[in-house]
Amino acid sequence: MITLRQLRYFRALVRHRHFGKAAAECAVTQPALSQQIREMELALGAQLVERRPSGIALTDAGHEVARRGEAILEEVGALMDAVRRRSSLLAGRLRLGIIPSIAPYLLPTVLPVIHRDHPDLNLEIREALTGVIVEDLLAGRLDALVLALPVSEAGIVTEPLFEDRFLLAARRTPALDRLRAADPAILSREKLLLLEEGHCMRDQALAFCRSANAGIRNELGATSLSTIMQMVANGYGVTLLPEIAVKSEVHDDPRIAVVPFEAPEPKRIIGLAWRSASRNADDFRALARLIADVAEDERAPLP
């Protein structure tokens with residue numbers, strides 16, 4: 001009879017394709033892990049891996065055991081979490097995906113509250129682009145997501161958390177200091193700095209430009225908002241800055257002016273998403289309430 005420990009060891013071996021790395025992940029010696037894999041092969045009556053100098057390769061039986069073993073471990077984890085949650089919400093393991101244009105601005109305020117109010121919650125965070133975390137959610141590798149709505153894929157439930165306005169960020173000038181609201185036409189006269197392809201925030205900014213009939217001049221891409229704001233501060237262009245990022249990215253920098261746009265202001269809706277088939281909807285709704293409350297408390301006036 002194979003054991004859950006052997007399945008966990010085998011999962012690590014499949015992930016790393018290397019006995020030493022798998023043993024390090026499982027916090028055991030390499031001989032101990034190798035012995036458990038051999039016992040697993042004996043119990044199943046089949047060779048699961050081909051041992052090579054550079055690592056391992058899975059046999060056909062190994063691929064089948066990897067697939068079915070992952071499903072078994074997921075079900076065992078779900079069983080344990082379900083029992084823990086009988087006594088309280090937000091307890092046990094929760095794998096949360098979050099996009100890069102939200103994570104560094106929301107997590108520093110949300111995580112301490114979660115740790116204080118829900119010490120039994122084992123929260124695992126993955127920061128990645130929208131397409132990646134949505135794929136991981138549908139595949140069962142993540143439990144819930146924090147991202148910009150809407151989500152078009154079927155089988156996903158979403159709950160809005162808060163509105164996040166887009167603001168004009170530009171190098172400070174006397175004219176901008178006197179400006180109460182920016183005309184979107186300013187985007188036609190300046191270099192527009194945006195996140196690179198794949199970021200949903202880039203698509204939202206471009207959609208606003210099109211809806212406002214604002215032309216785009218020399219639009220450039222960067223990998224992070226921090227990089228963009230350094231370029232803005234040094235006069236290389238302007239950008240649409242999410243309101244949630246103002247406190248962190250502007251830092252009272254006297255070189256940068258942040259101005260709201262004229263109505264209707266561009267904005268995105270930040271929400272929580274999970275699989276409609278999930279049995280943990282009550283936990284996700286409790287997490288949504290927590291995030292929404294923290295975001296409201298942290299909302300700061302513009303510099």
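## The largest pocket

Helix 1 (4-16), helix 2 (19-26), helix 4 (60-85), strand 3 (92-98), strand 4 (121-127) and helix 12 each contribute at least two residues to the lining of the largest pocket. Helices (H or I, at least four residues) and strands (E, at least two) are DSSP runs, numbered from the N terminus. This is a predicted model, in which local features need pLDDT of at least 70 and side-chain atom pairs count only at pLDDT 80 or more, while totals for chains, interfaces and linings use all residues. Residues are numbered from 1 along each chain as its sequence is written, and side-chain values use heavy atoms, with hydrogens and water left out.

The largest pocket holds about 1,200 Å³ of space. A pocket is an open set of points on a 1 Å grid over the protein atoms alone, with protein on both sides within 12 Å along at least five of seven lines; a cavity is a set of points where a 1.4 Å probe fits but cannot get out, and lining residues have an atom within 4 Å of a point. Grid points are joined across faces, edges and corners, and a volume is the space filled by probe spheres set on the points.

## Lining of the pocket

The lining of the largest pocket comprises 43 residues, and Glu70, Glu74, Arg95, Gly140 and Arg141 lie nearest the centre. Helix 4 gives the most to this lining, with twelve residues. By class, the lining has 17 nonpolar, five polar and 21 charged residues; here Ala, Val, Leu, Ile, Met, Phe, Trp, Tyr, Cys and Pro count as nonpolar, Asp, Glu, Lys and Arg as charged, and the others, Gly among them, as polar.

Because domain 1 (4-84) and domain 2 (92-161 + 270-298) both give residues to the lining, the largest pocket lies between them. The domain bounds come from an automatic or database domain assignment.

## Cavities

There are two cavities of 30 Å³ or more. The largest cavity has a volume of about 40 Å³ and is lined by Leu96, Leu106, Leu107, Val110, Leu111, Ile114, Leu123, Val146, Leu287 and Ile291. Helix 5 (103-117) and helix 12 each supply at least two residues of this lining, and the largest share, five residues, comes from helix 5. The lining has ten nonpolar, no polar and no charged residues.

The second largest cavity contains about 30 Å³ of space. Ile99, Pro100, Ser101, Leu129, Thr130, His199 and Cys200 form its lining, which divides into four nonpolar, three polar and no charged residues.

## The aromatic pair

One aromatic pair is found in a search of the whole structure. Trp274 and Phe284 form this tilted pair, with 5.5 Å centre to centre and 40° between the planes. Since Trp274 lies in strand 11 (residues 267-275) and Phe284 in helix 12 (residues 281-298), the pair ties together parts that are ten residues apart in sequence. Rings of Phe, Tyr and Trp (its six-membered ring) pair if their centres lie within 6.5 Å; planes under 30 degrees apart count as stacked, over 60 as edge-to-face and the rest as tilted.

Both Trp274 and Phe284 are buried, where buried means under 20% relative accessible area, exposed over 50%, and partly exposed in between (1.4 Å probe, protein chains only).

## Cysteines and Leu187

The structure has zero disulfides, a disulfide being a pair of cysteine sulfur atoms within 2.5 Å. Cys26 counts as partly exposed because its relative accessibility is 21%, whereas Cys200 counts as buried at 16%.

Leu187 is placed in helix 8 (residues 186-189) and, at 0% relative accessibility, counts as buried. The C-alpha atoms of Leu187 and Leu73 are separated by 52 Å, with the two residues 114 residues apart along the chain.
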